[in-house]
Amino acid sequence: MALKDFSITLQKIKTSSSTNDVGIVTGFNAITQYIENIAKTQKGEVPSDVNFGSDYFNYIFSGNADAGVMELKLAADISSKIPELVDVKVNVVNFTDTVVTFEVFYSLNNGITKQQNSSCFIEVKL
Amino acid sequence: MAYDLSSLNVASLDFTQIKRSLIQFLKNQDDLKSLDFDNPASTTNMLMNVFATATAYNGIYAQYGYINSFATTATTLPSIMGIAANSSVLIEPTKCAKTTRTITTNATKLSAYSTFTATNPNNAQVIFYNVEEIAANTTSSIQLYCGSVEEFTEFDYNTLSMPLPYYIDPDTITVNVTNTNTNITVTWEKVDSVTKTSSGNQTHYAVLNGNLGYLVTVNIPTAQTITTDYKVVVTAIRSTGSAGNGAVINQRTNATFNTYDLPSGGVDLISVNKAKTQLRFKATGQERCVTLNDYKQAILNSGISGTDIEDNITVAAGSVPGQVKIYVTDLSSSDETPLLDYLYTKSLVGINLVYSL
């Protein structure tokens, strides 16, 4: 797994070799961005891969929004789309009418070693 | 940097194949090879989705456009009618059932588009209309058309034309032009060939195929120009296809029938293949039978029952010069003579048509 990705903002930034490179994220920053991409995409939103994203959105406006169900859904979707992440666990740390914030815990298994107990915060504006 | 574009295969219409090819190509570039193209959650992969989607849509639109630009490959009726318009030929996708009747009016004139109620062989109510006005106390031969009357007023003063939908029967079109200053209305005359009249400034219009169906246009050399001082109203009958064939028409109190021919000739909306055949016969063959293929196209366009399957039609040169043998498998014997009569109107002088294999 090459943990190197374009920054989602696709902003041009100054680098030592060039003044016009598109921003790049690597390592755990890349993983955070992968998780963010899944958390901010509703299933069915990408026509070429309708299973990409998460359907926890379905529970947000259901009247009796259940944070526990949302946590399980998002954790399952992250695990299925990023197979290198294991022991994925999600906690809803903030949930208002306008924003939901998740804390995602995971371990990274690159096939040789397992780096345990990493986490990141993902904020999704509603 | 030199790119090996020969390995980039994005001319496909298959999204998955385009995306795979794009990724394969970009992964091999030195600047990009360390990026994570494969994980569906990566921004790089999402960017590939956008590129591949745009490429696939471009390909599909281009292919659709190319296919529908030619008479031989077009797949939609509007496309065929648009091509017909470019070739200045008229395709009629549907026709009203009609009959010619001699009528006598009483002291009340018969206005244009008056209704004649009727009952078709399935006991359904249908309505027939006359197109021309008949003065009071007159005996006249008129045609009655089955359908419903529609009015169109969206005249384009720039192109001097008005689009009409394909479901109307072009034989039923009436163009009334009113001078809004004098309030005088003139009914314009339909012309099929502008070369028949030598002088200009006439009240002439022509009907062509347009992208929506038909185009009523006064943008022809012999016609006078219509300015915004004039209001144009086009009235036409929307075809109900074959529903009016064989219907029994009731006479009106102000118009009694002297003849009673049953209505016929109503045709439901034709298929795309039928429209293509019409277009090729009219545009390529100019509605004349010269080659053996012209005869085939003419037979397919005859409107005679049982002549719409190309494989059933056999056309061959006869045993003597000037003789053409025609045969249609499963054609009713009563339709043989009407078919030959129809083909004689399209054939060259001196051609002898024989109905045989």
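# A chat about chains A and B

Colleague: Where does Asp330(B) lie?
Modeller: Asp330(B) sits in the loop of chain B that runs between strand E15 (323-328) and helix H6 (336-344). Helices (H or I, at least four residues) and strands (E, at least two) are DSSP runs here, numbered from the N terminus. This is a predicted model, in which local features need pLDDT of at least 70 and side-chain atom pairs count only at pLDDT 80 or more, whereas totals for chains, interfaces and linings use all residues. Residues are numbered from 1 along each chain as its sequence is written, with chains lettered from A and ligands numbered from 1 in the order in which they are written.

Colleague: What is phi of Asp330(B) near?
Modeller: Phi of Asp330(B) is near 70 degrees, which is a positive value in a residue other than glycine.

Colleague: And is Asp330(B) buried or exposed?
Modeller: Asp330(B) is exposed, with 8 other C-beta atoms within 10 Å. A residue counts as buried if 20 or more other C-beta atoms lie within 10 Å of its own, as exposed if 12 or fewer do, and as partly exposed in between, the C-beta atoms being placed from the backbone.

Colleague: What about Leu160(B), which loop is Leu160(B) found in?
Modeller: Leu160(B) belongs to the loop between strand E4 (139-152) and strand E5 (161-165) of chain B. Leu160(B) has a positive phi of about 55 degrees although it is not a glycine, and Leu160(B) is partly exposed, with 18 other C-beta atoms within 10 Å.

Colleague: How many helices and strands does chain B have?
Modeller: Chain B has six helices and 16 strands, and buried residues make up 31% of its 357 residues.

Colleague: Switching to the contact, how many residues does it take from each of chain A and chain B?
Modeller: The contact takes 19 residues from chain A and 15 residues from chain B, where two residues are in contact if their C-beta atoms, placed from the backbone, lie within 7 Å. On the side of chain A that touches chain B, strand E1 (4-6) and helix H1 (27-39) each supply at least two residues, and H1(A) gives the largest share, five residues.

Colleague: By class, what does that side of chain A have?
Modeller: The side of chain A that touches chain B has 12 nonpolar, three polar and four charged residues. Ala, Val, Leu, Ile, Met, Phe, Trp, Tyr, Cys and Pro count as nonpolar, Asp, Glu, Lys and Arg as charged, and the others, Gly among them, as polar.

Colleague: Which residues of H1(A) are buried?
Modeller: The buried residues of H1(A) are Ala30(A), Ile31(A), Gln33(A), Tyr34(A), Ile35(A), Glu36(A), Asn37(A), Ile38(A) and Ala39(A). What covers them includes E1, strand E4 (24-26), helix H3 (67-81), strand E6 (99-109) and strand E7 (114-125) of chain A, together with helix H2 (43-67) of chain B.

Colleague: What is the mean pLDDT of chain A?
Modeller: The mean pLDDT of chain A is 85, and 90% of its residues reach 70 or more, pLDDT being the predictor's confidence in each residue, from 0 to 100. Among the elements of chain A, strand E2 (residues 12-13) has the lowest mean pLDDT (72) and H1(A) the highest (92).

Colleague: Now the sheet: in what order do the three strands of chain A form it?
Modeller: The open sheet of chain A has the order E5-E6-E7, with antiparallel pairing, where two strands pair if DSSP finds at least two bridges between them. Strand E5 (85-95) and E7 of chain A are the edge strands, each pairing on one side only.

Colleague: How many bridges join E6(A) to E7(A)?
Modeller: E6(A) and E7(A) are joined by 10 bridges, and Glu103(A) stands opposite Phe121(A) in E7(A). These two strands form a hairpin with four residues between them, and Gly111(A) in the turn has a positive phi of about 100 degrees. E5(A) and E6(A) pair over eight bridges and form a hairpin with three residues between them.
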